[in-house]
Amino acid sequence: MREILSSAFVERASQQLPWFAVVLLVSVAITSLVSRERRRRLGLTRFLLGYLCIAAVPLFGVIVLRSALREGLEQAGHGWWAALWLSLFSMVTFIVVAQWVVRRMPPTRGWLRGYRQAGRDIWRNRLARWFGIRPRD
């Protein structure tokens with residue numbers, strides 16, 4: 001395991017961090033443009049914190065962790081297929097565990113709860129409007 005987390009792993013991860021940042025910023029910008037109502041209800045800060053809780057973990061797992069781990073495994077002597085499957089398994093495990101932590105640990109639990117509740121409220125209002133149902137007061 002030590003040779004996997006060698007300088008090749010760290011070097012590859014540091015090369016991928018700018019790409020992670022760019023993809024994360026683009027996704028935040030697109031979501032911010034598309035989800036004006038949610039942003040209006042939550043305010044910009046709570047909106048960004050909630051969205052980052054959802055998007056950062058899988059993007060980091062896919063872009064940074066998996067590519068760096070795959071390259072580290074290949075340089076440690078594992079074959080291409082073995083490196084591919086081990087890095088895929090590690091990435092999925094990281095994403096599942098990290099999302100579990102984000103959903104249940106403060107302060108991210110509160111940020112995520114507010115973001116999701118605003119989405120539910122928005123969709124409830126839209127569906128009521130589309131189906132001609134009067135909103136409850």
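**Helix packing and buried polar residues**

Apart from neighbours within four places in sequence, S32 is in contact with R39 and F47, where contact means heavy atoms within 4.5 Å. The structure is a predicted model, in which local features need pLDDT of at least 70 and side-chain atom pairs count only at pLDDT 80 or more, while totals for chains, interfaces and linings use all residues. Residues are numbered from 1 along each chain as its sequence is written, and side-chain values use heavy atoms, with hydrogens and water left out.

S32 is located in helix α1; helices (H or I, at least four residues) and strands (E, at least two) are DSSP runs, numbered from the N terminus. With a relative accessibility of 14%, S32 counts as buried. Here buried means under 20% relative accessible area, exposed over 50%, and partly exposed in between, with a 1.4 Å probe and protein chains only. Helix α1 also holds S27, which is buried at a relative accessible area of 16%. When residues up to four places away in sequence are not counted, S27 touches Y51 and L59.

In general, nonpolar side chains of soluble globular proteins tend to be buried together. A nonpolar core is defined as a set of buried Ala, Val, Leu, Ile, Met, Phe, Trp, Tyr and Cys residues joined through side-chain atoms within 4.5 Å. The largest such core has 19 residues, and F20 and L59 have the most contacts inside it. Two or more residues of this core are given by each of α1 (7-34), α3 (44-75) and α5 (108-130). The largest share, 10 residues, comes from α3. L59 touches F20, V23, L24, S27 and V64, residues up to four places away in sequence not being counted. Another core, of five residues, lies apart from this one and includes V57, A98, V102 and L112.

The packing of the helices was examined next. Two packed helices are described by the angle between their axes and by the distance between the axes. Axes are lines fitted to C-alpha atoms, for helices over the stretch in contact, and angles run from 0 to 180 degrees between N-to-C directions. Angles under 35 degrees count as roughly parallel, over 145 as roughly antiparallel, 65 to 115 as roughly perpendicular and the rest as oblique.

The axes of α3 and helix α4 (residues 80-104) come within 8 Å and cross at roughly 155°. The two helices, α3 and α4, are therefore roughly antiparallel to each other. Their crossing is right-handed; a crossing is left-handed if the near helix is turned anticlockwise from the far one by less than a right angle, and right-handed if clockwise. The contact of α3 with α4 comprises 19 nonpolar, four polar and three charged residues. In this classification Ala, Val, Leu, Ile, Met, Phe, Trp, Tyr, Cys and Pro count as nonpolar, Asp, Glu, Lys and Arg as charged, and the others, Gly among them, as polar. W81 also belongs to helix α4 and, at 55% relative accessibility, counts as exposed.

For α3 and α5 the angle is about 105°, and the axes are 8 Å apart. This makes α3 roughly perpendicular to α5. In this pair, R46, F47, L49, G50, Y51, C53 and I54 in α3 meet T108, W111, L112, G114 and Y115 in α5. Eight nonpolar, three polar and one charged residues form the contact of α3 with α5.

The axes of α4 and α5 come within 5 Å and cross at roughly 85°. As a result, α4 is roughly perpendicular to α5. V101, V102, R103 and R104 of α4 and T108, R109, L112 and R116 of α5 make the contact. The classes in the contact of α4 with α5 are three nonpolar, one polar and four charged residues.

The loop between α4 and α5 contains P107. P106 and P107 are joined by a cis peptide bond, with omega about 0°. In general, most peptide bonds are trans. T108 is placed in helix α5 and, at 17% relative accessibility, counts as buried. Leaving aside neighbours within four places in sequence, T108 is in contact with C53, V101 and V102. T108 and L49 are 59 residues apart along the chain, and their C-alpha atoms are separated by 7.9 Å.
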